Amino acid sequence: MSLRLSDVTLEPGYRYYDGHIALPDDDGLDPAQPVIHKDASVHDCILGPWTRIGARTSFSEVSMGAYSYIVNDASATYAEIGRFCSIARDARINPGNHPTWKAAQHHFSYRARSYELGVEDDHEFFEWRRSHRVTLGHDVWIGHGATVLPGVTIGTGSVVGAGAVVSKDVPPFTIVGGVAAKPIRERFPKAVQDGLLAIAWWDWSHERLAEALEDFRRLDADAFVEKHG
């Protein structure tokens, strides 16, 4: 039995959501708390500070790190999303999987209660789904309409092109695209990649990020590593 997100010890600033009820605007709210659109669906999730979830987006059993966002009409299930990830509209993270090896693929067999065919759903099936989690590293960009299939890990700093279908793991700082997605190129030379991983700016405090803001804006990755490495 996998550990439920409700049982996970939360980092400072992180919040657990059993479900989401839209709250009225309140100027007194903590500005760092997650912003969840009133039309989004969030169930059994952990969200870090400064995170954003757009309209008509569905999240179920997802942990999303600080500063990451996902915009409208997207979905994520059974996923661990790192910090500073940018997930575009219509993206699908770990879409529904079906038991292709069984006589029936239809979900009546594992959602039997909905069809009044059994008193319990098939808990083993959902544990199988949970065991094929999707993992995104930090500062990953998922393009418009991309799909990341069950069990895939996408490394820190990578880019998934619009409309891509990712069925295999993606190394850090790699751009992939197509159906099925294939590597296009690496974003930086290996030395710069190693430098960024060593700096791990995605773990910096909010205050340090603010202090280095002009460097993020003005320096290319090579110069950033030279200054902060």
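This is a predicted model: local features need pLDDT of at least 70, side-chain atom pairs count only at pLDDT 80 or more; totals for chains, interfaces and linings use all residues.
Strands, in the sense used here, are DSSP runs of at least two residues, numbered from the N terminus. Glu-11 counts as partly exposed, because its relative accessibility is 42%, a value that lies between the 20% limit for buried residues and the 50% limit for exposed ones. The side chain of Glu-11 makes a polar contact of 3.3 Å with the side chain of Arg-83. Glu-11 and Pro-31 are 20 residues apart along the chain, and a distance of 17 Å separates their C-alpha atoms.

The protein chain contains five helices and 18 strands. Its radius of gyration is 19 Å, close to the 17 Å that the globule rule gives for 229 residues, so the chain is as compact as a globular protein of that length. Along the principal axes, the C-alpha trace spans about 65 × 45 × 30 Å. Among the 229 residues, 42% count as buried. Of the contacts with a separation of 6 or more, 32% are made by residues 24 or more positions apart. The chain exposes about 12600 Å², and carbon and sulfur atoms supply 52% of that area. As for charge, there are 23 positive and 31 negative charges, and their mean positions are 5 Å apart.

Asp-44 is buried because its relative accessible area is 6%, and the limit for a buried residue is 20%. The side chain of Asp-44 is joined to that of Tyr-16 by a polar contact of 2.7 Å. Beyond residues up to four places away in sequence, Asp-44 touches Arg-4, Leu-5, Ser-6, Tyr-16, Tyr-17, Asp-18, Ser-60, Glu-61 and Val-62.

Glu-61 is placed in strand S6 and counts as buried at 10% relative accessibility. The phi angle of Glu-61 is near 55 degrees, a positive value in a residue other than glycine. Most residues other than glycine have a negative phi, and most peptide bonds are trans. Asn-94 also has a positive phi, of about 60 degrees, although it is not a glycine. Asn-94 belongs to the loop between strand S10 (92–93) and H1, and with 0% relative accessibility it counts as buried. A cis peptide bond runs from Val-179 to Ala-180, with omega near -10 degrees. Ala-180 lies in the loop between strand S17 (174–177) and strand S18 (182–186).

Helix H1 comes next, and it spans residues 123–130. Its buried residues are Phe-125, Phe-126, Glu-127, Arg-129 and Arg-130. The cover over the buried residues of H1 includes strand S6 (58–64) and strand S8 (75–81). At the N-terminal end, Asp-122 caps the helix, with a side-chain oxygen 3.2 Å from the backbone nitrogen of Glu-124.

Two further buried residues complete the picture. Ile-87 lies in strand S9, which consists of residues 86–87, and it is buried, with a relative accessible area of 0%. Apart from neighbours within four places in sequence, Ile-87 is in contact with Tyr-69, Ile-70, Val-71, Ile-81, Leu-136 and Ile-142. Ile-87 and Ser-68 are 19 residues apart in sequence, while their C-alpha atoms are 8.0 Å apart in space.

Thr-156 is located in the loop between strand S14 (153–154) and strand S15 (159–160). At 11% relative accessibility, Thr-156 counts as buried. The side chain of Thr-156 reaches the backbone nitrogen of His-138 at 3.0 Å. Leaving out neighbours within four places in sequence, the contacts of Thr-156 are Gly-137, His-138, Val-140, Pro-172, Phe-173, Leu-197 and Trp-202.

Key: Residues are numbered from 1 along each chain as its sequence is written. Side-chain values use heavy atoms; hydrogens and water are left out. Buried means under 20% relative accessible area, exposed over 50%, partly exposed in between (1.4 Å probe, protein chains only). A polar contact is a pair of N or O atoms within 3.5 Å; within protein, one must be able to donate a hydrogen and the other to accept it, and residues adjacent in sequence count only if both atoms are side-chain atoms. Contact means heavy atoms within 4.5 Å. Helices (H or I, at least four residues) and strands (E, at least two) are DSSP runs, numbered from the N terminus. The radius of gyration is taken over C-alpha atoms; the globule rule is 2.2 Å times the number of residues to the power 0.38. Accessible areas come from the Shrake-Rupley method with a 1.4 Å probe; for residues, only the protein chains shown count as cover. Lys and Arg count as positive and Asp and Glu as negative; His and the chain ends are not counted. The place of a charge is taken as NZ of Lys, CZ of Arg, CG of Asp or CD of Glu.
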